Amino acid sequence: MTTTSRRAFLGAGAATLGAAALAGFGLRGADAPSADARPPAPGPYRVVTPGSEQWEDLRQGTNLRWIGSPRRIAFPRDASEVAAEVRTIQRLGLRPAVRSGGHGYESFVSNDDVTAIIDLAAMNQVRWDPRRRAFEVGAGAQLGAVYQLLYKQWGVYVPAGNCPTVAAGGHIAGGGYGSMNRRDGLVVDHLAAVEAVHVRANGAVRTSVGTRDPRSPDHELWWAYTGGGGGNFGVATRYWLRSPAAAGDRPEAALPTPPRHVILSTVAWRWDDLDEATFGRLLANHGRWHEEHSAAGTPEAGLFSQLKTWHRANGTITLDTVVDAGVPDADGVLDRHVGALSQGIPVPTVLQRRRVPWLQGTQWTGFTGPDPTRRFDGKSAYLRRTWTPTAVAAAYRALTDPSFSHPGALLMIASYGGAVNTVAPDATAVAQRDSIIKFQVVSIWDDPEDDAANLAWTRSTYAAMFADTGGVPVPNANTDGAFVNYADTDLDDPAHNTSGLSSLDLYYKHNLPRLVRARAAYDPKGLFSHAQSLPVS
């Protein structure tokens, strides 16, 4: 309790400092959005229809489980064109959905009910905005391009996700996280402002800019986009990024500087060398290391790892790790991490270990997202402390189940904590601010005929791991809910969740009422809705 209170205090202090600093940096919500706008390219924006050559490909995203039948897929280039498209959608009586990178876990965009897709791919700018003293990032900009442009031109970065083809729109709206979160926090901890197109109760289309400054008339719009999830508050078109404590007018000082070099490492344990006891020890060691090394500002906060406990059919369990090579004794930090996980179990095989420039490391395949030619299902959880015996036993049974011999099934277990834990749980919409681990039960496969078997495995594994709390990670001393960007409609199915909590309770916790009020303010008609949208009242 003492640690949590201290973290909340630190976060509240940071938020106050940020608000005071912003007063001098031109981030005023009352600014007319048109003052920021640049003229779009000449000619109308592109609209793809069922008669278009691209329609067959563009009606689906990266998860080939989902395919839709939209009547139009529009590619507006700025907020004014998004507003025009929204008016067209209303006039035609269509049901819209918004797509940035298309990496959705569920069929919120690609389904037969959605008849109009607003695709943000054409809004991919990354540039310095001297008036706002912040970096303007289009909602369609892919993270790989954001890293490249920020670093090559200004030597800065933002601690966003690891998959280079994920786009800013949905990633930032859901809170976002990546391999530098323990070092520099979440991407939303550096969000200064957001522009969004939304619809009033009378049907009028409005473009608003909400900022971090609590005096901003649309401050709640900013707060909602710091983790409130996509499809709730209209269409985010632009984000402005600037760290709360940044000072001055220079873009080189507006965001953190990334590591100059990182150490990349992969080690593997053979399943043939493990039994139930040693598997349980591996997870216990992993959880204990994170309990002991989740303080911000330490050398260990420069380390992020993903433990991938593949199904026994895969043959191995792997640990992919990245370490900021600039922290004191970086090699020792990595050695001690691997050594701590290996205590009492066979020593793993080192598959790779190399020092590379940070920018090249952002493309490392150890952390990239799912193959867009495949099908997948994932179910998420936050951990506040090490694994429960129930979770460990269930994981072992599932990963060694001979009746489901699939090498693409795994637990994908990511480091969390560090700088993430220094922000108060209500300073942004991301409520899980004292968790130390974030993980998924995942299966990846190719053949549609295997859908049922893979879904059955992820569902049964997840339910068994959280059997003590109704089949889901109820917020308590051990677990802390689920991640909104890994959307999971089973969380609202009583056949899979008997906890009495909804998906919204698990995603947002105590921040839910404030998010519901923001939804009612910025999309009161519920024009942008999906299976897990916030209620409009």
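The questions and answers below set values against definitions.

The model is predicted, with local features requiring pLDDT of at least 70 and side-chain atom pairs counting only at pLDDT 80 or more, while totals for chains, interfaces and linings use all residues. Residues are numbered from 1 along each chain as its sequence is written, and side-chain values use heavy atoms, with hydrogens and water left out.

Q: What is the confidence of the predictor in the protein chain, expressed as mean pLDDT?
A: pLDDT is the predictor's confidence in each residue, from 0 to 100. The mean for the protein chain is 92, and 92% of its residues reach 70 or more.

Q: Where does pLDDT stay under 50?
A: This applies to residues 1–35, for which the model has 59 contacts beyond four places in sequence. A contact means heavy atoms within 4.5 Å.

Q: Why are H11 and H12 called roughly antiparallel?
A: Helices (H or I, at least four residues) and strands (E, at least two) are DSSP runs, numbered from the N terminus. The axes of helix H11 (residues 389–399) and helix H12 (residues 451–465) cross at roughly 155° and come within 8 Å. Axes are lines fitted to C-alpha atoms, for helices over the stretch in contact, and angles run from 0 to 180 degrees between N-to-C directions. Angles under 35 degrees count as roughly parallel, over 145 as roughly antiparallel, 65 to 115 as roughly perpendicular and the rest as oblique. H11 and H12 are therefore roughly antiparallel to each other.

Q: Which residues of H11 and H12 meet?
A: Thr390, Ala391, Ala394, Ala395, Arg397, Ala398 and Leu399 in H11 meet Trp457, Thr461, Ala464 and Met465 in H12. By class, this contact has eight nonpolar, two polar and one charged residues. Ala, Val, Leu, Ile, Met, Phe, Trp, Tyr, Cys and Pro count as nonpolar, Asp, Glu, Lys and Arg as charged, and the others, Gly among them, as polar.

Q: What makes E5 and E8 edge strands?
A: The open sheet of five strands has the order E5-E6-E9-E7-E8, with antiparallel pairing. Strand E5 (126–129) and strand E8 (205–211) each pair on one side only. Two strands pair if DSSP finds at least two bridges between them.

Q: How do you know that E5 and E6 pair?
A: Four bridges join E5 and E6 in the antiparallel sense, and the definition asks for at least two. Arginine 127 has glutamate 136 in E6 as its bridge partner.
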